[in-house]
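Have the viewer open and follow along.

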Amino acid sequence: MGRTKTICFCNNKGGSGKSTSCSNIGYAMSLLGYRVLLIDGDMQLNLSLSFFDEDDVLEMAKGERNLYMAVKNGRDLQDYIVPTPYENLDIIPSSTLMSSIEYELFAKWQREFILKKALRSVRESEKYDVILIDAPPTLGGWVMNILCASDKMIIPVESSPWGLFGLANMFEFLGGAKEIAPELELMGIAITKVDERKNYFRQTVETLRELEDVKVFENYIHVDSAIEWAQDDSSPVLVYKKSSRSAKEYYELAKEVIALCQ
Ligand SMILES: Nc1ncnc2c1ncn2[C@@H]1O[C@H](COP(=O)(O)OP(=O)(O)OP(=O)(O)O)[C@@H](O)[C@H]1O
Ligand SMILES: [Mg+2]
């Protein structure tokens with residue numbers, strides 16, 4: 001795969017499947033033998049909760065070893081990496097204090113590049129093939145940091161009437177990020193929570209496929225209760241129920257993402 005690739009999962013629309021896609025694609029990549037670092041960039045702690053139970057996540061969130069403390073104090077993220085229970089898969093946990101990250105960034109010099117700088121030595125060490133960052137459902141200085149620290153962006157879009165609403169704002173924000181981080185590229189749109197019995201699905205696909213210069217991933221993720229049970233169990237769906245539809249779909253989607261990293 002070459003040097004470390006950093007990919008963020010962004011969409012200002014809440015509940016579009018960012019955290020679910022980040023955790024499951026990350027786990028699938030680790031199964032495929034790639035060395036993966038996950039970064040939980042959201043105060044909701046959902047990416048961290050995908051791998052650890054609530055008590056452990058809250059302990060990390062309240063302690064010193066989380067993303068908020070690193071960014072606030074301008075530390076090297078190398079020292080904030082925590083192993084998950086799985087081989088080839090590490091994580092930098094988040095904190096509920098991330099709610100005040102915008103305030104912390106405000107007075108910093110080159111404030112759009114704080115995360116990029118904090119990640120530099122992790123990237124240069126080439127200890128990981130990919131770094132996947134889960135973004136919160138906002139568009140502000142912190143998400144700008146996430147974009148500026150990334151090589152590629154994936155936009156998970158929920159297949160629902162409101163799933164597409166706000167996408168224009170996301171594209172505009174991406175355009176702004178590219179002005180200061182010209183190498184950043186939109187890798188593609190991942191369609192999530194598909195229910196083929198509903199016509200919205202076809203409408204979502206048609207609308208997205210009409211967008212110029214935007215790739216829509218071939219593998220869609222269907223609505224699947226195994227996802228929720230897996231999250232309740234703090235496990236990737238490929239661990240919780242390997243035979244489930246979404247487990248297979250995330251595995252295939254991860255392969256598509258890897259192919260675009262080469
Ligand atoms: N394929 C799926 N089938 C069923 N439920 C799903 C699926 N994907 C995600 N969900 C559920 O939808 C909700 C939103 O998913 P998720 O948290 O991944 O979205 P998000 O974009 O990260 O949300 P936020 O914007 O709040 O960070 C969660 O409760 C999750 O369990
Ligand atoms: Mg999320």
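Predicted model: local features only at pLDDT ≥ 70, side-chain atom pairs only at ≥ 80, totals over all residues.

**Entry 1: around the ligand.** I found 21 residues around ligand 1, and the ones that come nearest are Gly14, Lys18, Ser19, Thr20 and Pro137. Next I asked which elements give two or more residues to this shell. They are α1, covering residues 18–31, and α10, covering 225–232. I also sorted the shell around ligand 1 by residue class: 11 polar, five nonpolar and five charged.

**Entry 2: α1 and its partner α12.** Which residues meet here? From α1 I listed Asn24, Ile25, Ala28 and Met29. From α12 I listed Tyr250, Tyr251, Leu253, Ala254, Val257 and Ile258. By class, this contact of α1 with α12 holds nine nonpolar residues, one polar and no charged.

**Entry 3: α7 against α8.** I then turned to helix α7 (residues 141–148) and helix α8 (residues 167–180). Their axes lie 10 Å apart, and the packing angle is about 60°. That angle makes α7 oblique to α8. I checked the handedness too: α7 passes α8 in a right-handed crossing. On the α7 side the contact uses Met144, Leu147 and Cys148, while α8 brings Leu174, Ala177 and Ile180. I counted six nonpolar residues in the contact of α7 with α8, with no polar and no charged ones.

**Entry 4: the whole chain.** Last, I stepped back for the overview. How many helices and strands does the chain have? I noted 12 helices and seven strands. The chain's radius of gyration is 17 Å, close to the 18 Å that the globule rule gives for 262 residues, so the chain is as compact as a globular protein of that length. Along its principal axes, the C-alpha trace spans about 50 × 40 × 35 Å.

Terms used
Residues numbered from 1 in each chain as written. Chains lettered and ligands numbered in written order. Near = placed C-beta within 6 Å. Helix = DSSP H or I, 4+ residues; strand = E, 2+ residues; numbered from the N terminus. Nonpolar A, V, L, I, M, F, W, Y, C, P; charged D, E, K, R; others polar. Axes fitted to C-alpha atoms, helices over the stretch in contact; angles between N-to-C directions. Parallel < 35°, antiparallel > 145°, perpendicular 65-115°, else oblique. Left-handed = near helix turned anticlockwise from the far one by under 90°. Contact = placed C-beta atoms within 7 Å. Rg over C-alpha atoms; globule rule 2.2 N^0.38 Å.
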